[in-house]
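Try each task before reading its solution.

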Amino acid sequence: MSTPSENGERRLAFLEMDDPEHRSHRAAMQPMFIRPRTLGWWRHRWIDDIVNTLVEALKQRNRAELNIQLCARVPVHTITRAIGMDGADSLEFRNALLKTTAHSVTPEARGRAAKTVERMLLDLIAQRRAVPGDDVVTGLIAAELELPDGSKRPLTDREIMLDCRLVMLAGGGTSWRQFGITLWALLTHREQLEAVRADRSLVDAAIEEAVRWNPTDPVFSRLVLQDAELEGTHIPAGSVLEICLGAANRDPSRWETPDAYDLHRKFQGHLGFGLGTHLCMGQNVARSEINAGINALLDAFPNLRLDPDAPSPYLTGGLEQRGMSGVPVLLR
Ligand code: HEM
């Protein structure tokens, strides 16, 4: 996710930094992503409206493919609008952003898309510097970066651009795929779906258990900086360690019946959102998006069920981006 810098300024997003630099960049953005903000600001300003509009459109239909018609759309609209990229520009922006990581386009096309994303974000930042809004870019303009000597300074346009690009890349496909996995879990476990329908306080447990059971990004890697010993295995400095969060989430020494989807299991921490320094910063946004989506579906469609005539959904995407092949449903 790094960008070559033409003027020697910072070029890495904070996902790729180490502490203490990582900590100070993350701290400038994090206050906008804490739970009270995602339950209040994010839901009331963007998520509820987006979910309700999409679910309202589904009411005209008897069947739907929720993975595309709902799960994919909620996060991409939420994150684009939350950044402040709304209106006519947002479609061009989202298309360019998707191309920056697409393997199906040439490296030249990826490079052009990256330039478009950069230019559009820098334009947006200039606009918000002139006329502040109520969005993430405006929040970052007001934020301060704490330096190692304890002094503070505002973020540069380039730093704001990199932070926005990071949350847009990290917060689109992840929530989409995890939302689809959660719906699939519920739709294939009817008694748990009915329990959630009857007691909406269980929606959060349904989401959390889906992230444990099948996290959308089950493997992350780390570069080992110094010789280490792990469970009797020597790991030399310079190794690349593939960390399988998905396997840890089904460790039989920690989880009873680890392969079962069971939202009633006793809550304990899982690794679906990572752990430690780079613990997912957007996890509460994801929870709010999926929670709003499930509640709206259950309110609108009392008879929601998998479509028996459609191909059976299956998990796809390999080790990095797991999601559903589809979530075909009958709405009535
Ligand atoms: C259910 C959906 C999501 C899952 C399963 C997920 C998972 C993760 C994981 C496992 C990491 C750690 C990566 C590592 O250690 O290398 C991470 C980091 C991150 N995620 Fe998420 N994520 C989700 C949604 C989101 C959303 C919606 C956003 C933003 C709105 C977001 C923003 C980020 C950011 C900025 C980081 C980097 C944090 C840092 O480096 O300090 N994520 N995510």
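The exercises that follow use a predicted model.

**Exercise 1. The ligand shell**

Task: Find how many residues surround the ligand, which helices supply at least two of them, and how the shell divides by class.

Solution: 
- Step 1. Count the shell. The ligand is surrounded by 26 residues.
- Step 2. Pick out the closest. They are Gly171, Gln178, Gly274, Cys280 and Gly282.
- Step 3. Turn to the helices. At least two shell residues come from each of helix 8 (157-170), helix 9 (173-187) and helix 13 (283-300).
- Step 4. Sort by class. The shell holds 14 nonpolar, ten polar and two charged residues.

**Exercise 2. A helix pair**

Task: Describe how helix 9 and helix 13 pack.

Solution: 
- Step 1. Recall what is needed. A packed pair is described by the angle and the distance between the two axes.
- Step 2. Read both values. Helix 9 and helix 13 meet at an angle of about 40 degrees, and their axes are 10 Å apart.
- Step 3. Name the arrangement. Angles under 35 degrees would count as roughly parallel. Helix 9 is therefore oblique to helix 13.
- Step 4. The crossing of helix 9 and helix 13 is right-handed.
- Step 5. List the contact. Helix 9 brings Thr174, Ser175, Gln178, Phe179 and Thr182, while helix 13 brings Ala286, Glu289, Ile290 and Gly293.
- Step 6. Class the contact residues. Three are nonpolar, five polar and one charged.

**Exercise 3. Helix 4**

Task: Decide why helix 4 (residues 73-83) counts as largely enclosed.

Solution: 
- Step 1. List the buried residues of helix 4. Among them are Val74, His77, Arg81 and Ile83.
- Step 2. Conclude. Ten of the eleven residues are buried, so helix 4 is largely enclosed by the rest of the structure.
- Step 3. Look past the end. Glycine 84 follows helix 4, with a positive phi near 120 degrees.

How values were computed
Residues numbered from 1 in each chain as written. Predicted model: local features only at pLDDT ≥ 70, side-chain atom pairs only at ≥ 80, totals over all residues. Near = placed C-beta within 6 Å. Helix = DSSP H or I, 4+ residues; strand = E, 2+ residues; numbered from the N terminus. Nonpolar A, V, L, I, M, F, W, Y, C, P; charged D, E, K, R; others polar. Axes fitted to C-alpha atoms, helices over the stretch in contact; angles between N-to-C directions. Parallel < 35°, antiparallel > 145°, perpendicular 65-115°, else oblique. Left-handed = near helix turned anticlockwise from the far one by under 90°. Contact = placed C-beta atoms within 7 Å. Buried ≥ 20, exposed ≤ 12 C-beta atoms within 10 Å, placed from the backbone.
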